[in-house]
Amino acid sequence: MIKGVKSQLKTLSGDMLGAVVAAIVTLPQALAFGVATGFGAAAGLWGVIILCTVTGLINLKVPVVSGITGPVTIVAASVMLSLNYDISAVLFVIFIAGLLQIALGFSGLAKIMEYVPYPVISGFMNGVGFILIIMQLNPLIGHQVQANTVLSLKAVFANLSSINMQSLIPGILTLVIVFMIPKRINKFIPSQVIALVFCTMISVIFKFDIERIGEVSLTNLNFHIPQIMLNETVSYFNYALVLAIVMSSESLMTGLVCNSITKTGIDTKKLLIGQGLGNAISSLFGGVPGSAALMRTVAAINAGAATRMCTLITPVIIVFTVLQFANYLELIPMSVLSGILIKVGYDIIDTKLLRVIKYAPKDDLYILVVVFVLTLFYNLIAAVGAGITLAALLYAKRTADNAKLVHTDENGIKVDITEKRLERVSKHKIRIVHIDGSFFFGSATQIVSQFDEFWGTKCLILDCRNDRYFDVSAIFAFEDIIMRLKSQEIVILLVLSGRDIKKQLDKFGITDKIGGDRIFYSLKKAMISAKSYVQL
């Protein structure tokens, strides 16, 4: 009994310590990201408070600390810009994104995200990292933040002649601290908190006349139900979908790392449902969207957190801190937040891939560059869509290039003696052809073009056992093949992998054109039948 109580107290103390660490890491980022999205610092705080509370109530086995992150910030800011800073419209998009996350959790479709190619993810993350850095350069030197990277770069060069040194000094000090603090110190006190406190004190002591974060209050919480209209739902759906994908991807990645650290299976269904519900509720109260935050969660676990109590205690600590120190938080210079965000942007950049980029396949480089450039200079939504589309097309091309007509036996050994003997005895009036590779829309055209080479053949055995499903393009290609071979008066014998694929051919009328008695599921039976067509 006493041993059980001691164990529970130890777990609770670990959760409380983990919550303190998580709150310390979360607070400066919530303030900075809230400002960066255009919602304001208070919205960043409310997003963390609501999302952590809802996620904690979902009863996950591991402590998942949630809130707005770098990638989510950039997507939210992009949506804000696209919708002309219409807060109610953006909140409606966040609400839809939350519902989409809930749907993903119930449907199990989240597993599809596992198939998004790494170059797409890397290109997107690198783009997000550079966007964060570029868009914070103007606030760093004492000027207003710009709406996008192009305007930011133009403004930076224009503002170099009018740098506000009083703003730049605490900003540079922040960068020095967050980049130079040793890891052994960073383990106990996050460098972002050190920079926040020290640089704010410097700016106050020397009475710098600079832009500060302004009023930070948790009292201005307004509940509102979004007016759902069909035409708005359709027009905003693409924004909500990308936001939901980014938030869900980050959450699933955090869950994967948690599994690795704690060896406790996390319920991804509950994770996504909790995140979606939290984001939907957050939008009703004007909070920014978020996801499970990897760095904060790992920091909490490393500090001793083991259960969802850590997730529930974290927002309580944040609320207490804000209520007690709101007057001090208002003094934080914008350039200090810019320095913190620049470090966050640097951490997001995929330096692992950049170190080995010269060894990467060209196709992967094409995808990465396209996604990176579109993310950085055009639109995050278009970047993700273009990256996935390009990756799919390049994969289809590689697969199609590998699809060809070859002579192999049933075990895949080239030059089968039985087949060669049959062809030789029939004086090549019988030919056996295997489709090596997938027969689909990408390879169909190339394979069809090779069927012009069979003049003199009386009976062609076409072995398609590699495939268990044909897409529409492949089915129509079969029809084209039949017409070409019939025009050459060649009898076609088809060897399929099973009856399911024959049903496909039946539905499209291909079986009738070939003849039901000319379809086999064994190459040997097809070879025996072929002899009757050339009278051997």
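Alanine 526 counts as buried, at 0% relative accessibility. Buried here means under 20% relative accessible area, exposed means over 50%, and partly exposed lies in between (1.4 Å probe, protein chains only). The model is predicted: local features need pLDDT of at least 70, side-chain atom pairs count only at pLDDT 80 or more, and totals for chains, interfaces and linings use all residues. Residues are numbered from 1 along each chain as its sequence is written, and side-chain values use heavy atoms, with hydrogens and water left out.

Alanine 526 belongs to helix α24 (residues 523-534). Helices (H or I, at least four residues) and strands (E, at least two) are DSSP runs, numbered from the N terminus. Not counting residues up to four places away in sequence, alanine 526 touches Ile461, Leu493, Val495 and Phe520. Contact means heavy atoms within 4.5 Å. Alanine 526 and valine 495 are 31 residues apart in sequence, and their C-alpha atoms are 7.1 Å apart.

The protein as a whole has 24 helices and seven strands. Of its 536 residues, 50% count as buried. Among contacts with a separation of 6 or more, 82% join residues 24 or more positions apart.

Isoleucine 194 is partly exposed, with a relative accessible area of 24%. Its contacts, leaving aside neighbours within four places in sequence, are Ile177, Ile181, Ile185, Ile189 and Cys199. The C-alpha atoms of isoleucine 194 and isoleucine 177 are separated by 7.5 Å, and the two residues are 17 residues apart along the chain.

Aromatic pairs were examined next. A pair of aromatic rings is described by the distance of the centres and the angle of the planes. Rings of Phe, Tyr and Trp (its six-membered ring) pair if their centres lie within 6.5 Å; planes under 30 degrees apart count as stacked, over 60 as edge-to-face and the rest as tilted. The count comes to five aromatic pairs. One of them joins phenylalanine 179 and tyrosine 346, edge-to-face, at 5.4 Å centre to centre with 65° between the planes. Phenylalanine 179 lies in helix α8 (residues 165-180) and tyrosine 346 in helix α15 (residues 334-348), so the pair ties together parts that are 167 residues apart in sequence. Phenylalanine 179 is partly exposed, at 34% relative accessibility. Tyrosine 346 is also partly exposed, at 42%. Phenylalanine 206 and phenylalanine 208 form a stacked pair, because their ring centres are 6.1 Å apart and their planes meet at 20°. Phenylalanine 206 is exposed, with a relative accessible area of 55%, whereas phenylalanine 208 is buried, at 13%.

Phenylalanine 179 also carries a charge over its face. Lysine 343 lies there, at 5.6 Å from the ring centre. A charge sits over a ring if NZ of Lys or CZ of Arg is within 6 Å of the ring centre and within 35 degrees of the ring normal.

Two residues other than glycine have positive phi values. Phi of asparagine 84 is near 55°, and phi of tyrosine 85 is near 60°. Asparagine 84 is in the loop between α3 (70-82) and α4 (87-107). Tyrosine 85 lies in the loop between α3 and α4. Asparagine 84 is exposed, with a relative accessible area of 66%. A cavity is a set of points where a 1.4 Å probe fits but cannot get out; a pocket is an open set with protein on both sides within 12 Å along at least five of seven lines; lining residues have an atom within 4 Å of a point. Grid points are joined across faces, edges and corners, and a volume is the space filled by probe spheres set on the points. The largest pocket holds about 1,500 Å³. Its lining comprises 41 residues, of which Gln29, Leu294, Met295, Arg296 and Asp347 are the closest to the centre. By class, this lining has 24 nonpolar, nine polar and eight charged residues. Ala, Val, Leu, Ile, Met, Phe, Trp, Tyr, Cys and Pro count as nonpolar, Asp, Glu, Lys and Arg as charged, and the others, Gly among them, as polar.

One cavity of 30 Å³ or more is found. The largest cavity has a volume of about 50 Å³. Ala36, Thr73, Ile74, Ala77, Leu132, Met135 and Gln136 line it. The elements giving two or more residues to this lining are α3 and α5 (118-135). α3 gives the most, with three residues. The lining of the largest cavity has five nonpolar, two polar and no charged residues.
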